[in-house]
Amino acid sequence: MDTNYLPQPIDTKDVELPEELCQLVEHISKNVHEVWAAKRIVQGWTWGEERDDKLKKHPCLIPYEELPEEEKEFDRSTAVGTLKLILKLGFSINK
């Protein structure tokens, strides 16, 4: 394992999402959660009150709408970061 790895994400701080893309954030966030949950379930994980890697239990194996706000924020951060990167790289997103 290379312990000298230093992540270098593309800086998107200067990118502001237009309003029409801000509306996509919640849809993408929900889908990010759904993809994560589906993968966990296929791997044998089930809902549990507390996370337990050995027993494959996770409290976030619930519908997105029922997640605590801090968990939703994690998914929103992924969505916003992805949208900003797409714009930073010069792509456009059209409906």
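**Salt bridges in close-up**

Seven salt bridges are counted in this predicted model, a salt bridge being a side-chain nitrogen of Lys or Arg within 4 Å of a carboxyl oxygen of Asp or Glu. Side chains of opposite charge can pair when their charged atoms come close. Residue numbers start from 1 along each chain as its sequence is written, and side-chain values use heavy atoms, without hydrogens and water. Because the model is predicted, local features need pLDDT of at least 70 and side-chain atom pairs count only at pLDDT 80 or more, while totals for chains, interfaces and linings use all residues.

**View 1. Arg76 pairs with Glu26.** Their closest N and O atoms are 2.7 Å apart. Arg76 sits in helix 2 (residues 69-88) and Glu26 in helix 1 (residues 19-42), so this pair ties together parts 50 residues apart in sequence. Helices are DSSP runs (H or I, at least four residues), numbered from the N terminus. Arg76 is buried, at 14% relative accessible area. Glu26 is partly exposed, at 34%. Buried means under 20% relative accessible area, exposed over 50%, and partly exposed in between (1.4 Å probe, protein chains only).

**View 2. Glu69 pairs with Arg76.** Here the closest N and O atoms lie 2.4 Å apart. Glu69 is partly exposed, with 46% relative accessibility.

**View 3. Glu73 pairs with Arg76.** The closest N and O atoms are 2.7 Å apart. Both residues belong to helix 2, three residues apart, or about one turn of the helix. Glu73 is partly exposed, its relative accessible area being 42%. Through shared partners, salt bridges join Glu26, Glu69, Glu73 and Arg76 into one network.

Key:
Helix = DSSP H or I, 4+ residues; strand = E, 2+ residues; numbered from the N terminus.
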